[in-house]
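Have a look at the structure first, then read on.

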Amino acid sequence: MKELAISADAPGEKLFMLGNEAIARGAMEAGVQVAAAYPGTPSSEILENLARVAPKFSIYVEWSTNEKVAFEVALAASICGVRAMASMKHVGVNVAHDPLMTASYIGAKGGLVLLSADDPWAWSSQNEQDNRYIAEQGYIPILEPSSVQEAKDMMADAFRLSEEFKHLFMVRSVTRISHGRSDVVLGEIAKKRRKGAFAKDRSWLVYTPVEARRNRPLMIERFERIRRAVNTLPYNQLKLADGARLGIIACGLSYSYTLEAIKWLELDDKISVLKIGTPHPLPQELVKRLLKSVDEILVVEELEPFVENHVKAIAGEANIPVRIHGKDLIPLIGELSTRKVTEAIIRLTSAKPPVNFSEQDRLGEESAPLLPWRPPTLCPGCAHRASLYAIKSAAQKVARDYGKDTEPIYPGDIGCYTLGYLPPLEAVDTTICMGASIGIANGLAHVVEAPIIAHLGDSTFFHAGIPPLINAVYNKANITVAILDNSATAMTGFQPHPGTGHTATGEETTPIKAEDIARACGVKFVEVIDPFDLKKAADTVERAIRFDGPSVIVFRRLCAIMEQREKKQRGEKTVPYYIDQEKCSAKCDACIKLLGCPAIMRENGKTTIDSSLCTGCGICAQVCPYNAILQE
Amino acid sequence: MLKEFNVLITGVGGQGVILMSELLGKAAVRDDLKVRGSEVLGMAVRGGSVSSTIRIGSEVYGPLIPTGKCHLLIGMEPAEALRHIACLSPSSLVVLNLRKIVPFTVLLGKSKYPSLDEIMEKLSTVSSQVIRLDAAQLAEEAGSPITANMVMLGAAFGTGQIPIKLETLKAVLQAHFPTKLAPVNIKAFDLGYHACQQSLK
């Protein structure tokens, strides 16, 4: 019995799906015709799944250079009457913010959906930002699923709603939806395809002040229509319990934790519950009905008090005397859980804790000191390890010329190489957002005297690294930029990008070289090197830092995981290295202390290499002072 | 009707934790059970701590296992099993692979790895039953060291607690792996299954 594919046209069948697969499936069911995205955890699998079925369903799918472009691509398709979406992680929406704020003035012709995958607890992100506020700022209605099934259903419905109200919609996922799994009942896949047509009409498409002033009231009017309509959408559900004193308003995924907490406390039918699937705009009629029926309200939502503040405003305006709790009892930080909701309900009722929580905490706390620190790390054979080692050794040498206490500064960026902040490399001094390595380096260059070496990956360079590089040339920032080119967007799952010569759907295209761009930006020192030649790499970095003016070095080496995969396909064998125990001092630890490669181990006082992990990169052999590391 | 059965799988990136939960979930859906689960991806291939939940039953809604409600912990690595001790209760069952993976931070002297005795002692203070096996060795026996996750999946089924039919899970295994690789994975599963049953005798 073969497993059905997520694109199977089998309405009513049940499949076990990842949240992001369900989101992609929802878009297929809606007949999406254009999908654009930039990879970012936890959103990447959405576009990957759409790319796989692109030919089958005639969907145009692209990895865009960044989220701003992705959103503009989708917006254009919508303007031409075609159903379109852009998907991105929460901080990606910051990059798309500019067109987004005017897109809501434009509205939508073909259904237009922005999928924002937020990351409470910042599992794979630089912050915990709550994108419901971005949607609010732009008059963008939000659909927020409580389960993987609902994520699919909402996604399919969002395009229809967008067309009905001629307005773009945001579907807000979170990590535990996007990377949650569940049984999902499939719907029908729309087969009809529209032909895009651009009708010139500057009244809603050319934004000079005149059109801005003309379209803003129209936008507000559309939004007010949506505000009235959300009261009857199936995603908002009010369940009043007879004589209930407490009402809970639960937004998105928090609804599932709330249901479990109520069952755990055996308070079924004793608490009224309003499930919120549209946090913006809130279903005001349902909220008021709940507020009027109870004495106390608990608003359950992850991150910011978004729904809470709106509910408080509704209660205030309608003069409803009800006590409203939220972030006084529900944590502001991190993900929620059944336990956190349970504890909040206990505070407001006389319910007894179902388990002894402090006893459970004690178990964890007592074991914590025993546990080893296990951060994710650069893979064995990763070229970034070699690049960062070469950068550091050269930069430290040059820094001594500035003064004996001068330390080089390494502004870093977003990607696998961010893991270079860990010991032993410790070669990342700042990580803020995509492209910030070069922007921060620009600023540093004007206020500190030290070698400044920014580093970022190839995909990140194309995404947001080019304007700050031009800035460095224009404003004479004496910095070195290391582009760590591993021919992939590796951290998020090896997606192709403009440098790889392949599109999202595997078509060949013109590969764009980072060094060509650097030269075109006016950088006078541009060199391309192989990071696995440590000596040459370090020499090049030294010359680059000493060069008067901005310099760029491209460290080019395929991602180790992809390299291993390709070797396997070609039938090539990996020849691992080993340590000659007679030559090894087993004391100097240079290989361990300088590189931190997971393939190098210590067993019974001997330093060894795990041949099943070693990819044969040979970097350790280059740093061994005893020449004790040899290839098999 | 089954109300709730919670499985937590813990390990290190690269051990196949995510695949185990995927296979369990697919089998549960084939058995017409309601399933919820979740994992943290992204960092998963890079040697960090990884955990994944699979929850089965009519009263399961959220993706995460509530504190103390884990029925079965499948520990692919000893320290990573201990890391999740707070989700266990006296009625929890633990199936533990004894093969350690020592992180590089220990080599660098930045952290310490506990002894197996310390780990066992801690786990045994909570869980009434910790079933131990050397999954790496059984995987070698099966014919491929990378099938340790299938050994552990087999051992988990060997407890007789997972509310999924054995033949359903096997059909899912058969369908998941390419024809050439299915036999070695199913053999690994069977070795784990029998090792667990032996230790329960």
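## Nonpolar cores

The largest nonpolar core has 179 residues, and A:Ala35, A:Ala74 and A:Ile249 touch the most other members. A core here is a set of buried Ala, Val, Leu, Ile, Met, Phe, Trp, Tyr and Cys residues joined through C-beta atoms within 7 Å, buried meaning that 20 or more other C-beta atoms, placed from the backbone, lie within 10 Å of the residue's own. A second, separate core of 74 residues includes A:Ile409 and A:Phe555.

Bear in mind that this is a predicted model: local features need pLDDT of at least 70, side-chain atom pairs count only at pLDDT 80 or more, and totals for chains, interfaces and linings use all residues. Residues are numbered from 1 along each chain as its sequence is written, with chains lettered from A and ligands numbered from 1 in the order in which they are written.

## A parallel sheet in chain A

Six strands make an open sheet with parallel pairing, in the order β3-β2-β4-β5-β7-β6 of chain A (strands are DSSP E runs of at least two residues, numbered from the N terminus; a pair needs at least two bridges). At the edges sit β3 (60-63) and β6 (142-143) of chain A. Strands β4 (84-89) and β5 (112-118) of chain A share six bridges, and A:Met88 stands opposite A:Ser116.

## Where the chains meet

Between the chains, 50 residues of chain B are in contact (C-beta atoms within 7 Å) with 50 residues of chain A. On the chain B side, β2(B) gives the largest share, five residues. Strand β2(B) also runs antiparallel to β8 (180-185) of chain A, joined by three bridges, with A:Ser182 opposite B:Arg36.

Key. A residue is buried if 20 or more other C-beta atoms lie within 10 Å of its own, exposed if 12 or fewer, and partly exposed in between; C-beta atoms are placed from the backbone. Two residues are in contact if their C-beta atoms, placed from the backbone, lie within 7 Å. Helices (H or I, at least four residues) and strands (E, at least two) are DSSP runs, numbered from the N terminus.
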